[in-house]
Amino acid sequence: MSEYFAKRLRISKESHDYMNEYAEKNNIPYDNRTINLIIQEHKEMKSAEEKESLFIDKISKGISKEINKEIRRIRLGTNNTDRNTQVIIELLNGLLLSNDVNDILTTDDLESKPVSTAKKTVQQRIENLQQKRADFYNKGGGDHQG
């Protein structure tokens, strides 16, 4: 059983009007019941807001975790590509120096058959990897829970 306390209050006209409207709308005959119901609704609203905030926070953390996984994969791929590119530059530099090459024709000027073949091979490799990845995700391989 709840305890009740007698308390004399001064409230603003706006609060008084709100309380009277609330009482009329909800058929409440006594001011103390009106105030108690308004306070109860306020508590419930605060509780709902806290639950909503926790829910939003949980969703936000989950999304952030998934995005970070994808960024990590992209970063690893980029690092690998950068490393391979640097190795190729070093090999080409050594080759050009050992063959005493002072300048080159660019592929914009003339593309050799070996470069064309290499481009086609790399493009096919990329397409095959993309297809394998698509097949993996279509089979449900990308739906793991982490």
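What percentage of the 146 residues in the protein chain do buried residues make up? Here are a few friendly notes on this one.

1. Please keep in mind that this is a predicted model. Buried residues make up 5% of the 146 residues in the protein chain. The accessible surface comes to about 14000 Å², and carbon and sulfur atoms account for 54% of that surface.

2. On the overall fold, the protein chain has three helices and zero strands, giving the pattern α-α-α along the sequence. The radius of gyration is 35 Å, well over the 15 Å that the globule rule gives for 146 residues, so the chain is more spread out than a compact globule. Along its principal axes, the C-alpha trace spans about 100 × 40 × 30 Å.

3. Thr-34 is worth a look in your viewer. This residue sits in helix H2 and is buried, with a relative accessible area of 0%. Leaving aside residues up to four places away in sequence, Thr-34 touches Met-19, Tyr-22, Ala-23 and Ile-28.

4. Next, the surface. Phe-55, Ile-56, Ile-59, Ile-63, Ile-67 and Ile-71 form a nonpolar patch there, with about 560 Å² of accessible area together. One of these patch residues, Ile-67, belongs to helix H2, which covers residues 31-98. Ile-67 is partly exposed, at 45% relative accessible area.

5. Finally, Thr-107 lies in the loop between H2 and helix H3 (113-138). Thr-107 counts as partly exposed, with 41% relative accessibility.

Definitions and conventions
Residues are numbered from 1 along each chain as its sequence is written. This is a predicted model: local features need pLDDT of at least 70, side-chain atom pairs count only at pLDDT 80 or more; totals for chains, interfaces and linings use all residues. Side-chain values use heavy atoms; hydrogens and water are left out. Patches are made of residues with over 30% relative accessible area and no salt bridge: like charges are joined within 9 Å, nonpolar side chains (Val, Leu, Ile, Met, Phe, Trp, Tyr) within 5 Å. Accessible areas come from the Shrake-Rupley method with a 1.4 Å probe; for residues, only the protein chains shown count as cover. A salt bridge is a side-chain nitrogen of Lys or Arg within 4 Å of a carboxyl oxygen of Asp or Glu. Helices (H or I, at least four residues) and strands (E, at least two) are DSSP runs, numbered from the N terminus. Buried means under 20% relative accessible area, exposed over 50%, partly exposed in between (1.4 Å probe, protein chains only). Contact means heavy atoms within 4.5 Å. The radius of gyration is taken over C-alpha atoms; the globule rule is 2.2 Å times the number of residues to the power 0.38.
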